[in-house]
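Subject: Structure for you to look at

Hello,

Here is the structure I said I would pass on. My notes follow below it.

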Amino acid sequence: MTFKVVISDPLSEEGIQPLREAENIEIDIATDCDETQLIERLQDADALLVRSQTQVTRELIDKAPQLKVIGRAGVGVDNIDLDAATERGIIVVNAPDGNTNSAAEHTVAMLMSLARNIPQAFQSLQAGKWDRKTYIGVELKHKTLGIIGLGRIGAEVAHRAKGQRMNVIAYDPFLTAETAQKLGVEQGTVDEVLAKADFITIHTPLLDSTRNMINADAFAKMKDGVRIINCARGGIIDEDALYDAIVEGKVAGAALDVLSVEPFVGHKLLDLPQVIATPHLGASTVEAQESVAIDVSMDVIKFATDGTVRNPVNMPSISKRLLDKIEPFFVLTEKLGAFASHLVDGAYQQVNVTYAGELAEVDVRPLTRNLMKGLLTLNLGNHVNDVNSRYLSNRIGIKIDELKTTATKGFTNLITVEVVTEKGSVKVAGTLLNGLGPRIVKVDDYPVDVVPEGHLLLINHKDQPGAIGRVGMHLAAENVNIATMQVGRSEQGGKAIMILTVDYEVKPEEVEGLEKLDNVFEVKAINF
Ligand SMILES: NC(=O)c1ccc[n+]([C@@H]2O[C@H](COP(=O)([O-])OP(=O)(O)OC[C@H]3O[C@@H](n4cnc5c(N)ncnc54)[C@H](O)[C@@H]3O)[C@@H](O)[C@H]2O)c1
Ligand SMILES: O=C(O)[C@H](O)COP(=O)(O)O
């Protein structure tokens, strides 16, 4: 089957070459489309690739029925409705490293242009003037650069600023004293950065918590004559407050690559002679564009090939090292969840997943997401996947606990899921047998050895002579062939279970017939 990729913003031709060369991938370049036309092109699309221009709204996502991946050839994903994507189980990937250098270099270019009035001076020359007085600048050496957001780009800017012999003070909630020391940067609070800096550059994402963070209050805390650079995202600076601060003389100048609404042609800030601006060019270099387009193309190819990606945005990424350890267990976790889902009645309230043995040492969250996918699919359908299983569990109100233990009960690895519902609970344990695949080894208190494949019948009954025979006779009369049988009991003459593998899916009326047999308490049909 062909995997269709719609590209709605201009991407580097070299960068999308891997997609062109990939087998079974069809590319549809939809860069000239309006929204209605884009929705039409998305009807049979599996993936959508964008930059910052296309607004990937909830409405657009809702109207793209086959969409599985949204690729952002760049860093910022504020143009993509991540919640809507997650709810639909659509994985969003970006290219977090490909444009770091370009964005940092652009920031430095803006910093220098701002300090030396280069764009204004050139404009004046173009206007036929030789004005050397108006455009007197300031030096960077020994000035303080305040960096808000010391991630990939912020850190690169810090390196370069040190090269200009600037002092650097930075605030980032994740900045450790050790990293600050390594970068040669003073660590400060936001207020300290605002108060000490001669130049302030912003490198945070646009989030609810960063929207308008540089507002009138923040300007009031800054030095008089401060200069501001924003090559991150429009909306982080309150533009009216910046305008006022410049007009009042508090801020000596601003260099802006981004504003809250783009394109920002005609914005009032552009009328101020202290403002220089570029039309969102931070990532616009040949190198960065090729790199980010290759990164997302490779992730789309990976997704189309094995359903995994390297740079997920709406679920935690899994390092290669972790993936090597946990990948074999995905087949077990999904089946454990599916197995348990067939055994419980009532709305799920609590799910406890216990990991024992070799798994107790690693990050098991991806396995729990996969187990929840298995558990929810029976009732919610096939749109449940590893991306949205946590979201759907939260929405339903299921509390999930992950536990780790060294008590392996003789297995090298053991995963136990306990599902508590309003009507009761069930506990299923499974293991991955080296070379033999997954096995269910315990159902509630009954030790069993079941291969979770094909069509299973789980029969709760009383342990007494003839019970097995009656079930066998009944199924024979219904022409249901038994391939394997497992019997487990907690004590002689007590409650027991039979787990049968049968050749075909058992019909509901056949299940009802079994439940009418003497001393049969409950029958569940499980189909993998
Ligand atoms: N102008 C452009 O063309 C261009 C190019 C690339 C990236 N960007 C923008 O730059 C942003 C940063 O990119 P990056 O690759 O460095 O991302 P990053 O994730 O590596 O770094 C962002 C940093 O911001 C920090 N942060 C978050 N909230 C903060 C807050 N309230 N105060 C201080 N720090 C905070 C985070 O802890 C993180 O370290 C992107 O989100 C994107 O919007 C713009
Ligand atoms: O977030 C980013 O990666 C930059 O803002 C680049 O955006 P662009 O791909 O539209 O140039």
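How many bridges join strand β1 to β2? Strand β1 (residues 3-7) is joined to β2 by 5 bridges, and the two run parallel. Within this pair, V6 stands opposite D28 in β2. Strands here are DSSP runs (E, at least two residues) and helices are DSSP runs too (H or I, at least four residues), numbered from the N terminus.

Before going on: this is a predicted model, in which local features need pLDDT of at least 70 and side-chain atom pairs count only at pLDDT 80 or more, while totals for chains, interfaces and linings use all residues. Residues are numbered from 1 along each chain as its sequence is written, and chains are lettered from A and ligands numbered from 1 in the order in which they are written.

The sheet is open and has 5 strands in the order β2-β1-β3-β4-β5, with parallel pairing (two strands pair if DSSP finds at least two bridges between them). Its edge strands, β2 (25-29) and β5 (91-94), each pair on one side only.

Helix α12 covers residues 286-306, which is 21 residues. Of these, 15 are buried (20 or more other C-beta atoms within 10 Å of the residue's own, with C-beta atoms placed from the backbone). After α12 comes G307, with a positive phi near 75°.

Ligand 2 is surrounded by residues including R51, N99 and H280 (near means that the C-beta atom, placed from the backbone, lies within 6 Å).

Regards

Terms used: Expected span 1.5 Å × (residues − 1). Buried ≥ 20, exposed ≤ 12 C-beta atoms within 10 Å, placed from the backbone.
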